[in-house]
Amino acid sequence: MTENLQSRCLANWNMEMKLDPAKDDLPLMANTRHMLVKHYVLDLDVDFKSQVIEGTIVLFFEPGSRCKKGGSAGEGACLSRSYETCKIRASEPCHSPVTNVSACSSKTEYNDFAVCAKGEKDTSDKNGNHSNSEQASGISSSKNCYDIENHGNEDFLLVLDCCDLSVLKVEEVDVAAVPDHWREQLYYYTRCSQAPGCGELLFSTGPWSLMIGKAEVQAPRDFPHAIRIWYKTKPEGRSVTWTTDQSSRPCVYTMGSPINNRALLPCQEPPVAMSTWQTTVRTASCFVVLMSGENSAEPVQLQEGLLSWYYYVTMPMPASTFTIAIGCWTEVKQESHIADIRTTNEFSSLFSRADLRLIEGSCGHVAYPCRFQNPAASSQLVIPHRIFAPWCLKDRCAEILLELIPRCLSAAHGTLGTHPFSRLDVLIVPSNFSSLGMASPHIIFLSQSILTGGSHLCGTRLCHEIAHAWFGLAIGARDWTEEWISEGFATYLEDVFWAVAQQQLPHDEAREQQELKALLRWRRLRDEVQNSEEELQVLRPNKENTGEVSESGTCIIKHGLNAEKIFMQVHYLKGYFLLQSLAKRIGEATYFEFLRKFVQKFHGQLILSQDFLYMLLEDIPEQKGYGLSVENIIQTWLDTSGIPKPLLEECQTWDQCRLVQQVNDEVTKWIQVNQRARKRSKRKRRQDEVTFQKLLPDQLVLLLESLLEEKTLCLRTLQCLEKTYHLDEQDAEVRHRWCELVVKHKYRRRYADIEKFLKEDQAMGVYLYGELMVNEDAKQQELAYKCFAATQNQMDVSSAKVVAEMLF
């Protein structure tokens with residue numbers, strides 16, 4: 001039978017050799033339509049000296065959809081070309097200690113969380129949710145994957161997504177089932193995970209997968225319902241970043257990389273593989289362990305210098321949302337006074353009347369303790385939250401975040417209602433973090449770049465990540481090509497939340513700020529469309545095949561490993577403009593009332609674009625009379641590259657915004673100042689008095705972008721510009737444009753600003769490297785090489801790859 005399993009593996013490898021995916025495509029290997037993980041139990045030790053996470057993971061399964069439908073048990077895999085000779089083997093003995101506890105009760109009571117025993121009635125497929133992974137996109141249709149059906153006496157292979165892991169041993173766990181009540185479930189999963197093994201399983205690892213087989217098992221329904229895997233991560237693994245924080249203390253965190261969590265744990269990556277999990281992490285007592293867990297873990301001291309942390313989730317989520325951050329974090333404590341929270345926006349009163357009616361309906365997701373059915377949760381404006389940061393940033397976080405978080409959470413609740421998650425941790429991650437923020441269940445990562453220059457950038461980014469709790473996590477895309485469902489909604493909602501969070505901001509001022517923001521986003525989208533491949537501009541690249549996978553559930557993420565794609569924002573921007581266009585056409589009050597209904601109906605589930613659009617037009621049928629249809633929205637906005645025609649017509653209006661006109665007036669003043677400065681001789685340096693208006697951060701961004709379009713600015717103009725607006729103290733968006741001006745005009749006195757930005761604002765600095773190189777100026781290129789040499793070892797892998805291509 002070992003030869004049979006080995007031949008299956010070799011057959012898969014041979015089939016893979018026929019594939020020729022683009023070099024930046026990423027395969028999702030898990031055969032989720034044959035077997036689905038219902039629950040993970042992780043037991044891990046973290047060693048910072050060796051930069052290794054080591055331990056066990058126990059997977060509890062139920063058969064996948066094809067098994068339930070009575071179809072033949074099959075196997076499919078899209079294997080990497082770099083697969084080495086595939087050898088299934090019984091592993092060497094594992095030296096990790098395992099507590100032998102008697103097996104769990106053999107009760108035959110089952111529910112949605114139960115492990116399906118052989119012969120027991122299977123539960124139906126359940127929908128779930130998907131993370132806001134900014135990098136993963138482009139699931140291929142099934143024609144790009146090869147399926148191998150089980151014919152005759154071929155043995156079944158379980159395939160998991162796995163990369164950069166050392167798998168030491170796989171065994172079946174001697175457990176029959178788990179009980180049927182969720183409140184007892186985690187306890188029994190724990191006991192079952194500690195049950196003794198009852199036979200090693202055969203396995204093989206490849207570049208992207210872990211394949212596991214059991215002799216004479218030819219169908220998924222006969223495969224073990226619980227398995228234990230001993231494994232180690234590798235220091236170079238692409239799912240975690242080992243680095244130091246801003247206080248030079250060691251830390252490690254998941255990075256939301258294109259390959260998600262497969263280099264942290266063997267798992268099922270596709271969004272349809274919904275599961276719960278619980279995790280025990282042991283590490284030195286100087287470290288704090290934060291995770292995407294429902295509980296605020298309190299550490300247990302095991303021995304001197306060693307702590308154990310335990311987290312769990314009862315809401316089924318994709319494995320890609322599993323998040324961990326371990327470091328010498330300091331908790332930023334809330335002051336004794338309670339922040340003044342107001343919900344004065346015009347939508348909050350509408351919600352208060354409708355909320356109780358909404359929660360009376362039944363949920364459409366798998367059974368779990370859902371907050372949307374809890375009246376106490378529905379009235380909770382601000383969920384419990386904590387803030388963590390390196391010691392050196394503690395005071396800055398206290399100054400900015402302690403006040404902002406409650407306001408932003410309250411604004412989100414006033415707009416959409418019940419917070420999907422019961423608590424929130426906010427962590428300021430190290431400077432090498434590759435974006436301004438990342439949202440996961442119960443935890444948000446924020447870049448240190450958002451802490452400078454006042455509260456504007458910090459507040460808007462915080463609102464963006466909070467919005468992902470609804471769109472991206474509680475509701476997710478069933479097909480990873482449809483990133484706009486997560487990012488477009490979050491970009492649109494960040495403006496709405498922020499308008500409320502800026503307490504007592506008049507409605508007209510909020511509208512003007514949103515129009516200014518729309519103009520800035522329009523300019524960004526226009527530039528991106530002009531400088532990117534058309535294929536990457538389409539929000540629904542699979543078009544009518546969106547949502548399709550292969551017979552076994554395997555698929556390919558188109559451009560999933562394309563490092564440049566990570567820095568593209570087309571899904572954010574076109575998605576934002578689509579939602580903005582719909583809101584204007586329907587009317588904001590009606591639109592937000594619909595959004596609350598949509599969230600109530602689809603929370604805890606995966607959706608496609610048409611799910612949103614069909615419900616919108618059914619709920620507001622009068623729009624059909626004005627030519628608005630699902631088909632024309634999809635064709636105009638989602639299935640076509642370039643700028644949508646309605647947006648080309650609308651963008652002309654934003655130039656008339658009062659805030660934009662103010663900037664235009666200031667630009668005219670600066671052009672005149674520059675002209676006089678160029679004409680003035682060295683003997684006449686007296687500056688004519690010019691009064692400049694105080695500008696908002698977004699106005700400053702537009703001002704600097706407009707001045708970048710001028711052919712030349714003399715050094716005296718740049719000096720005056722810097723002094724007038726204190727540009728070195730502004731937020732990262734403003735300072736980025738300032739650095740562009742410094743580069744363009746070779747303003748050597750301020751090269752230190754560029755160096756500081758490239759080292760401390762790595763989430764935004766990649767583009768500047770290209771600017772430094774394109775001028776072919778020796779000093780600027782020397783600066784680029786110097787900064788890259790100082791940061792490349794700590795830099796995010798994708799960022800380092802893009803920068804290296806610019807420099808070498």
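1. **Ground rules.** The model is predicted, so local features need pLDDT of at least 70, side-chain atom pairs count only at pLDDT 80 or more, and totals for chains, interfaces and linings use all residues. Residues are numbered from 1 along each chain as its sequence is written, and side-chain values use heavy atoms, with hydrogens and water left out.

2. **The sheet.** Start with the open sheet. Four strands form it, in the order E12-E13-E18-E15, with antiparallel pairing. Its edge strands are E12 (240–244) and E15 (288–291), and each pairs on one side only. From one strand to the next, the twist averages 15°. Helices (H or I, at least four residues) and strands (E, at least two) are DSSP runs, numbered from the N terminus. Two strands pair if DSSP finds at least two bridges between them. Axes are lines fitted to C-alpha atoms, for helices over the stretch in contact, and angles run from 0 to 180 degrees between N-to-C directions.

3. **Strand E18 and its partners.** In general, strands of a sheet pair through backbone hydrogen bonds, either parallel or antiparallel. Strand E13 (residues 250–254) meets strand E18 (residues 324–327) through three bridges, and the two run antiparallel. Tyr253 stands opposite Ala325. Cys251 has Gly327 as its bridge partner. Four bridges join E15 to E18, also antiparallel. There, Val288 stands opposite Gly327.

4. **Two faces of E18.** Which way do the residues of E18 point? Ile324 and Ile326 point one way, while Ala325 and Gly327 point the other way. All of them are buried. Buried means under 20% relative accessible area, exposed means over 50%, and partly exposed lies in between (1.4 Å probe, protein chains only). As a rule, side chains in a regular strand alternate between the two faces of the sheet.

5. **Aromatic pairs.** How many aromatic pairs does the structure hold? The count is 31. Rings of Phe, Tyr and Trp (its six-membered ring) pair if their centres lie within 6.5 Å; planes under 30 degrees apart count as stacked, over 60 as edge-to-face and the rest as tilted. Why is the pair of Tyr310 and Tyr312 called tilted? Their ring centres are 6.1 Å apart and their planes stand at 40°, so the tilted class applies. Tyr310 is partly exposed, at 29% relative accessibility. Tyr312 is partly exposed too, at 24%.

6. **A pair between helices.** Phe598 and Phe612 have ring centres 5.3 Å apart and planes at 90°, so this pair is edge-to-face. Phe598 belongs to helix H11 (residues 588–602) and Phe612 to helix H12 (residues 609–619), 14 residues apart. Both Phe598 and Phe612 are buried. They also belong to one aromatic cluster, with Phe471, Trp484, Phe489, Phe594 and Phe602.

7. **Charges over rings.** Lys169 lies over the face of Trp230, 4.5 Å from the ring centre. Arg521 lies over the face of Tyr576, at 4.4 Å. The test is that NZ of Lys or CZ of Arg is within 6 Å of the ring centre and within 35 degrees of the ring normal.

8. **Positive phi.** Most residues other than glycine have a negative phi. Gln51 has a positive phi, near 55°. Gln51 sits in the loop between strands E2 (35–47) and E3 (52–63), and is partly exposed at 30% relative accessibility. Lys746 has a positive phi too, near 50°. The loop between helices H18 (732–744) and H19 (751–760) holds Lys746, which is partly exposed at 40%.
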